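Subject: Structure handover

Hello,

Please find the structure below. My notes on it follow.

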Amino acid sequence: MGAVTDEHLSILHFLFGKNFESATRIVDQGGVKKISGEPSGRSIFQVVGESRRKEEYFCFAESYCACYSFFYDVVSRGEQLCCKHQLAARLAASIGSCKEAKIPDEELAILLSEL
């Protein structure tokens, strides 16, 4: 795994702005868990929000998050490439700092059906 340079950080901040700052705080606080089903290996991320309530959002890093910002800023207005929870999931996965949980595929299916 390569090192993250100041140039990398600068580029990410340019692309994602305030979402990058929020995502790095979430990752630094250990707020990303990757939940994988067994035996399929399918997975989803559970990311802790930054509000006082510390709500948890389920997201697919590339395509979906259950948070309000995803629907408002990403889908409706198209002002962001992704929400901070998706970005936190991507960052944590890329640097290997996700908490990991393995559950039976049946439990993962139930979890996904509730989204």
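Ala93 is partly exposed, with a relative accessible area of 41%. On that scale, buried means under 20% relative accessible area, exposed means over 50%, and partly exposed lies in between (1.4 Å probe, protein chains only).

Before the rest, the ground rules. This is a predicted model: local features need pLDDT of at least 70, side-chain atom pairs count only at pLDDT 80 or more, and totals for chains, interfaces and linings use all residues. Residues are numbered from 1 along each chain as its sequence is written, and side-chain values use heavy atoms, with hydrogens and water left out.

Ala93 sits in helix α4. Helices (H or I, at least four residues) and strands (E, at least two) are DSSP runs, numbered from the N terminus. Leaving out residues up to four places away in sequence, Ala93 touches Phe45 and Cys98. Contact here means heavy atoms within 4.5 Å. Ala93 and Val32 are 61 residues apart in sequence, yet their C-alpha atoms are 8.7 Å apart in space.

Helix α4 covers residues 84-95 and lies across β1, β2, β3 (56-60) and β4. The helix runs at about 115 degrees to β2. For that angle, axes are lines fitted to C-alpha atoms, for helices over the stretch in contact, and angles run from 0 to 180 degrees between N-to-C directions.

The sheet

There is an open sheet of five strands, in the order β4-β3-β2-β1-β5, with mixed pairing. The edge strands are β4 (64-65) and β5 (99-104), and each pairs on one side only. Two strands count as paired if DSSP finds at least two bridges between them.

β1 (residues 32-38) and β2 (residues 43-48) pair in the antiparallel sense, over five bridges. Ser36 has Ser43 as its bridge partner in β2. Lys34 stands opposite Phe45 in β2. Towards β5, the pairing of β1 is parallel, over six bridges. There, Lys34 has Glu100 as its bridge partner.

β1 and β2 also form a hairpin, with four residues between them. Gly41, in the turn, has a positive phi of about 85 degrees. Pro39 is in the loop between these two strands. Check the peptide bond that joins Glu38 and Pro39: it is cis, with omega about 15 degrees.

Salt bridges

How many salt bridges does the structure hold? Five. The criterion is a side-chain nitrogen of Lys or Arg within 4 Å of a carboxyl oxygen of Asp or Glu.

- Glu50 and Arg25: 2.8 Å apart. Glu50 is partly exposed at 27% relative accessible area. Arg25 is partly exposed too, at 38%.
- Glu62 and Arg90: 3.4 Å apart. This pair also links distant parts of the chain, 28 residues apart: Glu62 is in the loop between β3 and β4, and Arg90 is in helix α4. Glu62 counts as exposed, because its relative accessibility is 64%. Arg90 is partly exposed, with 28%.
- Asp73 and Arg77: 3.7 Å apart. Asp73 counts as buried, because its relative accessibility is 14%. Arg77 is partly exposed, with 40%.

Salt bridges that share partners also join Arg25, Glu50 and Lys84 into one network.

Surface patch

Which residues make the nonpolar surface patch of about 470 Å²? Ile11, Phe14, Leu15 and Leu81. Patches are made of residues with over 30% relative accessible area and no salt bridge; like charges are joined within 9 Å, and nonpolar side chains (Val, Leu, Ile, Met, Phe, Trp, Tyr) within 5 Å. Accessible areas come from the Shrake-Rupley method with a 1.4 Å probe, and for residues only the protein chains shown count as cover. Leu15 is found in helix α1 (residues 6-16). Leu15 counts as partly exposed, because its relative accessibility is 45%.

Best regards
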